[in-house]
Amino acid sequence: MLDLILTQMLNGMASASSLFLVASGLSIIFGVTRIVNFAHGSLYMLGAYLAVTLVGAFGPASPLGFWGGILLAAFLVGLIGIVIEVVILRRIYQAPELFQLLATFGVVLMVQDIALAVWGPEDRLGPRAPGFKSFVMILDSRFPSYELFLIAVGPLVLGLLWFLFRRTRWGTLVRAATQDREMVGALGVDQRLLFTSVFGFGAALAGLGGALQLPREAVTLHMDLSTIAEVFVVVVVGGLGSVGGAYLAAVLIGVLHAFGILIFPKITLVLVFLVMAVVLIVKPYGLMGRKPAATLPGAAGIEPLLTPATPGAKLAGLAALLLLAAAPLAVSDAWLLTLTELVIFALFAASLHVMMGPGGMASFGHAAYFGLGAYGAALAVKWLGAPMEPALLLAPFLAGIAGIVFGWFCVRLSGVYMAMLTLAFAQIAWATAFQWVELTGGDNGILGVWPSAWAVPKAVFFYLTLAICAASVLLLRRLVFSPLGYALRAGRDSPLRAEAIGIDVMRVQWAAFAIAAFAAGIAGALFAFSKGSVFPTYLAIPRSVDALLMVLLGGVQTVSGPVVGAFAYIGLSEQLVKLTPYWRFTLGLAIVLLVSLFPRGLVGGFLAWRDRRDAGDPAR
Amino acid sequence: MTIDRRRFLAAASAGAATLAAPALVRAQGGGVVRIGEVNSYTAQPAFLKPYRQGWELAQEQANAAGGRRFETIFRDDGGKPEDAVRHAGDLVNAEKVDLIAGGYLSNIGLALADFALQNKRLYAASEPLTDALVWSKGNRYTFRLRPSTYMQAAMLVEEAAKLPARKWAVIAPNYEYGQSAVKWFKELLKKAKPDVEFVAEQFPALGRIDAGATVQALEAAKPDAIFNVTFAGDLSNFVRQGNTRGLFEGRAVVSMLTGEPEYLDPLGAEAPVGWIVTGYPHADIRTPEHTAFADAYRAKYNDYPRLGSVVGYSTMQSIAAAVARAQSTETEKLVEAFSGLKFTSVFGPAEYRAIDHQSTVGAYVGRTALKDGKGVMVDWRYADGAKYLPPDDVVKTLRPAG
């Protein structure tokens with residue numbers, strides 16, 4: 001027994017080191033640039049693939065060839081990071097918070113296709129490390145010596161980072177920039193160079209993390225996405241920007257994992273997110289994070305004032321609605337299916353926007369409510385034998401109730417911490433749908449959720465969807481300009497002043513959270529009936545990412561942005577999939593280009609252009 | 001790269017040609033049979049790239065043989081069932097395909113099967129392994145080619161029951177396929193050998209195995225033998241940690257799918273030795289059907305076939321056979337033609353059983369070995385799928401749809 005406890009402890013520590021290497025890079029990048037770098041997992045994957053190639057070329061048997069290959073791979077990934085920063089990210093630092101996430105997601109998509117084209121579809125199992133090929137005996141168990149090496153690497157890198165940040169000028173500047181970027185700039189430090197070097201350094205750490213996995217794990221095309229969520233969790237649990245915290249969090253998660261599978265093997269599905277939920281509820285800024293000095297508005301400065309639609313905009317909205325209503329007369333059934341889906345996603349995006357825009361609460365787990373709406377409908381059909389109409393009515397309440405419960409915890413947090421807590425809850429909901437096979441059918445889902453006979457014709461279902469979604473979107477819009485909406489915006493722009501004039505900011509946010517969840521549930525229920533089946537993928541991370549992308553692409557600080565964003569993003573991706581096998585690369589490139597051209601989102605860009613024109617731009 | 005670009009251009013020009021053709025001709029299907037194929041091409045490229053190549057080879061041969069021409073429109077669902085359903089809707093409504101086919105993940109297979117039932121369109125499922133596809137959720141319009149989870153588990157139980165091992169440990173990915181494989185293996189092995197007991201279970205999340213800790217947990221239970229269901233990257237990590245830590249020494253291992261080149265080849269010199277597996281010993285099969293297939297495949301793609309190639313090729317073959325039998329592309333006629341259809345697969349003669357729409361294509365069962373620093377299958381035999389299905393009266397209780 002003692003034997004097992006000791007080896008599992010060591011196993012956990014080895015996994016912790018691997019996690020930490022990648023997480024430390026992410027933490028440093030976020031600390032300085034405030035970029036939520038979705039592409040960090042892709043850099044990790046590139047590190048592993050480059051290492052396979054380089055080590056193979058240099059000769060895996062010789063220590064110089066092996067370790068030289070590993071280090072060179074890390075260095076190259078650092079260069080790739082610098083290229084990404086200079087070519088893409090540098091242009092959009094002035095954009096609203098989280099907007100850079102869109103760009104890094106575009107990079108993720110592009111790297112996936114590049115890796116497939118360069119290294120082919122088959123997994124690669126890298127060579128073992130010279131000098132660490134075998135095992136040592138620990139009590140009665142054989143323990144791989146490479147794992148012992150990894151256990152040592154974690155603290156070693158931690159020590160090096162400590163030295164770098166405490167004892168070098170560059171490190172001091174990085175720490176200063178983490179505290180107050182503007183001030184560092186004001187003191188004459190070249191911020192651009194600092195940001196680029198930080199991003200490159202963080203990327204190199206990710207690359208090193210990937211390369212060091214070579215003797216331990218197969219290199220696959222799924223490495224990027226399977227890592228990224230876990231690494232984010234480590235960074236957030238540790239406390240944003242705290243490298244020591246990241247190590248602590250990695251050890252906590254690694255060790256809990258190793259022991260978790262002894263007691264309850266299936267828990268690996270969701271354990272990291274359970275840990276994160278508990279930590280964030282107890283310590284809202286992570287294990288070693290500190291409360292930010294002051295909650296500053298986004299990099300763009302004060303958010304633009306939202307004004308009710310101008311007559312022109314109202315007319316445009318009405319025209320768009322009429323156009324949609326006329327669609328069944330003009331287009332084929334296939335297009336109706338696409339339009340139905342687009343309209344549903346527009347509502348889904350609009351519901352997230354209520355939280356993100358006026359509420360200032362980013363959510364990385366909005367799919368939970370979409371999915372719960374869908375499951376609400378499917379469960380009503382399957383277990384209560386309900387027809388479509390009552391199921392549609394009932395379903396959003398499941399999402400809304402979840403919103404009330406999860407929201408209560410979430411509104412106590414702010415910023416990325418809050419977003420990550422929403423993600424944790426979404427993953428818990430996902431794992432429940434996945435694992436509770438008796439109720440939900442597990443990953444095989446619930447089938448046969450088709451509409452009532454009268455709504456089966458595609459045009460009828462389209463009108464039903466359009467009516468419900470248009471009404472819901474208009475109500476959400478109305479909400480933004482209601483007293484609740486004003487209170488919400490006051491709470492976002494200045495929580496202290498809002499409290500001072502008697503607004504209970506948390507309660508207002510809680511209400512908005514629940515309403516957004518309810519609206520997402522409506523979208524989910526309609527989606528279930530349009531597809532005829534429900535699966536755990538409806539509440540998985542990619543769906544949440546879709547929601548974020550739609551809102552960001554349209555423009556967070558506009559009211560009609562999310563609807564435009566939904567049509568643009570989903571429409572684009574659906575068409576690209578049909579056109580080319582390399583749709584991921586093309587879509588990623590399109591996203592990056594759109595982001596560079598419209599750093600305020602599509603609608604935001606349009607509004608800014610109109611304002612400039614109306615102001616009579618003196619430059620012209 | 002070049003193949004893909006060429007293929008893309010070919011597909012694009014074929015698409016343009018179709019658009020140009022008068023709609024009336026298309027609607028009547030004046031000779032061309034249109035197949036809508038939905039699969040997780042970007043999510044599972046290791047299996048599906050060879051699959052698509054196999055499919056296109058079979059289509060080329062069918063078209064060269066004369067008779068009705070076949071045309072396939074491939075769509076990528078990215079591993080999401082909801083997207084697969086969207087593509088199916090689009091293929092049926094916009095592209096006017098005569099039948100749909102494909103599916104890799106079980107849940108996507110089930111979603112497409114339900115779509116087929118709702119829209120009264122034939123669905124030829126190629127790869128999804130779940131038993132539900134033909135049994136509990138089986139329907140009139142769905143037929144499946146691959147040997148199911150049950151069949152592959154039954155093939156392995158036959159061998160496992162011969163082992164002296166009493167204490168078993170199991171490891172499987174935590175999703176329906178892994179859970180079903182374990183369920184059937186336990187049930188069938190207990191029936192064959194009542195004194196076995198299962199002492200440990202590990203269910204790592206798919207694609208995210210914590211191999212070191214998992215191996216240690218299995219080792220701690222000191223089993224006599226291990227039943228493995230992990231595959232792809234999880235399998236590689238499991239094997240490497242297991243080798244280093246001595247998990248497999250002195251223990252029999254029985255393993256699903258491990259003999260398939262897709263999963264055995266990446267292991268290289270670390271491929272396990274002596275595991276009892278289902279798979280595909282592509283280099284050693286000498287039947288005329290297989291030799292013809294493998295030669296043609298090698299000539300066209302300059303690569304050896306994987307199991308994916310066999311599945312893609314055989315699915316397309318069976319569709320061609322069904323269309324020839326039906327003399328029509330009308331769905332109801334196609335359903336009747338598929339039901340009880342006898343066709344020649346790469347692995348020899350097979351039949352889509354009328355009773356549950358499962359094909360009797362089997363799998364190869366053998367042991368793994370190392371040859372020239374690569375994993376291979378030895379002592380293998382072909383396990384005909386027909387022999388590894390429950391008796392008809394049991395099947396009837398398993399399949400409410402009849």
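In the predicted model, the two chains meet through 59 residues of chain B, which are in contact with 55 residues of chain A. On the chain B side, the elements giving two or more residues to this surface are helix 1 (2–20), helix 3 (45–64), strand 2 (69–76), helix 4 (81–93), helix 5 (106–119), strand 7 (197–202), helix 8 (211–220) and helix 9 (232–245). Classified by residue type, the side of chain B that touches chain A comprises 22 nonpolar, 19 polar and 18 charged residues.

When neighbours within four places in sequence are left aside, A:P265 is in contact with B:E201, B:Q202 and B:F203. A:P265 has 19 other C-beta atoms within 10 Å and is therefore partly exposed, since a buried residue would require 20 or more. The C-alpha atom of A:P265 is separated by 27 Å from that of A:R124, a residue 141 positions away along the chain.

Helix packing was examined within each chain. Two packed helices are described by the angle between their axes and by the distance between the axes. In chain B, the axes of helix 4 and helix 5 come within 9 Å and cross at roughly 35°, and the crossing is right-handed. Helix 4 of chain B contributes B:P81, B:A84, B:V85, B:A88 and B:V92 to the contact, while helix 5 of chain B contributes B:N107, B:I108, B:A111, B:L112, B:F115 and B:N119. Nine of these residues are nonpolar and two are polar, with no charged residue present.

In chain A, the axes of helix 2 (residues 40–58) and helix 8 (residues 191–212) come within 7 Å and cross at roughly 50°; helix 2 of chain A is therefore oblique to helix 8 of chain A. This crossing is likewise right-handed. The contact involves A:H40, A:L43, A:Y44, A:M45, A:L46, A:G47, A:A48 and A:A51 of helix 2, together with A:A203, A:A206, A:G207, A:L208, A:G209, A:G210 and A:A211 of helix 8. By class, the contact of these two helices has 10 nonpolar and five polar residues, and no charged ones.

Chain A also contains a strand pairing. Strand 2 (residues 135–138) and strand 3 (residues 141–144) of chain A run antiparallel and are joined by four bridges. Within this pairing, A:V136 of chain A stands opposite A:F143 in strand 3. The two strands form a hairpin with two residues between them, and A:L139 in the turn has a positive phi of about 50°.

Key
Residues numbered from 1 in each chain as written. Chains lettered and ligands numbered in written order. Predicted model: local features only at pLDDT ≥ 70, side-chain atom pairs only at ≥ 80, totals over all residues. Contact = placed C-beta atoms within 7 Å. Nonpolar A, V, L, I, M, F, W, Y, C, P; charged D, E, K, R; others polar. Axes fitted to C-alpha atoms, helices over the stretch in contact; angles between N-to-C directions. Left-handed = near helix turned anticlockwise from the far one by under 90°. Parallel < 35°, antiparallel > 145°, perpendicular 65-115°, else oblique. Pairing = 2+ DSSP bridges. Buried ≥ 20, exposed ≤ 12 C-beta atoms within 10 Å, placed from the backbone.
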